[in-house]
Amino acid sequence: MLEVTQIQNGIVLDHISPGNGLKIFNKLMPTQTDNPVVLLMNVYSDYMSKKDIIKLENVENINLEFLGLIDEHISINIIKNGEVIHKERVTIPKQVKGILTCHNPRCITHSEPLSNPTFELVCKKTLSYQCEYCETITKYTL
Ligand SMILES: [Zn+2]
């Protein structure tokens with residue numbers, strides 16, 4: 001059994017459904033240029049038979065909002081000095097910023113380079129979000 005506390009300080013994403021680990025890894029990599037990152041795939045788990053795990057060493061503040069959009073099983077473990085100091089389950093975010101781009105080609109957010117629109121959740125099932133500027137519904141896709 002691989003222990004989640006093997007890193008001293010950082011974040012461990014546990015209980016990722018098999019296959020989702022790589023998708024999440026690819027999304028996280030551009031933000032992790034200096035710190036060690038470990039991706040474990042198809043690890044045996046009592047809870048879900050197999051799972052993926054991602055360990056982000058020396059990372060404290062990163063935006064993990066998008067995780068809820070990929071996989072609701074994930075638990076986020078914050079590690080300090082080798083101990084899990086905080087554990088939480090991901091949730092589907094009610095609002096997202098910096099994750100989606102508006103599906104409406106005429107939306108002002110495409111021509112305004114500094115705009116970072118907020119999208120409000122309108123449907124959990126389909127992961128649909130509404131643009132704050134033009135109210136177009138945009139669905140999250142990987
Ligand atoms: Zn829009």
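View A. Three residues lie between β2 and β3, which together form a hairpin; strands (E, at least two residues) and helices (H or I, at least four residues) are DSSP runs numbered from the N terminus, and two strands pair if DSSP finds at least two bridges between them. The model is predicted: local features require pLDDT of at least 70 and side-chain atom pairs count only at pLDDT 80 or more, whereas totals for chains, interfaces and linings use all residues. Residue numbers start from 1 along each chain as its sequence is written. Strand β2 (residues 37–45) runs antiparallel to β3 and is joined to β3 by seven bridges. Within this pairing, leucine 39 has isoleucine 54 of β3 as its bridge partner. β3 also pairs with β1 in the antiparallel sense, over five bridges, and isoleucine 11 is placed opposite leucine 56 in β3.

**View B. The largest nonpolar core.** A nonpolar core is a set of buried Ala, Val, Leu, Ile, Met, Phe, Trp, Tyr and Cys residues joined through C-beta atoms within 7 Å; buried residues have 20 or more other C-beta atoms within 10 Å of their own, with C-beta atoms placed from the backbone. The largest such core holds 14 residues, of which Ile11, Leu13, Ile16, Ile24 and Ile54 touch the most other members. Two or more residues each come from β1 (10–16), α1 (20–28) and β3 (49–57). The largest share, four residues, is that of β1. Beyond its neighbours within four places in sequence, leucine 13 is in contact (C-beta atoms, placed from the backbone, within 7 Å) with Ile24, Ile53, Ile54, Ile74 and Ile76. Another core, of six residues, lies apart from this one and includes Val96, Leu100, Phe119 and Tyr129.

**View C. The four-stranded open sheet.** Four strands in the order β6-β7-β8-β9 make up an open sheet with antiparallel pairing. β6 (95–97) and β9 (137–139) are the edge strands, each pairing on one side only. β6 and strand β7 (residues 118–123) run antiparallel and are joined by three bridges. Valine 96 faces phenylalanine 119 of β7 in this pairing.

**View D. The two domains and their contact.** An automatic or database domain assignment divides the protein chain into domain 1 (4–89) and domain 2 (95–139). Their centres, taken over C-alpha atoms, are separated by 27 Å. Four residues of domain 1 are in contact with four residues of domain 2.

Notes
Two residues are in contact if their C-beta atoms, placed from the backbone, lie within 7 Å. A residue is buried if 20 or more other C-beta atoms lie within 10 Å of its own, exposed if 12 or fewer, and partly exposed in between; C-beta atoms are placed from the backbone.
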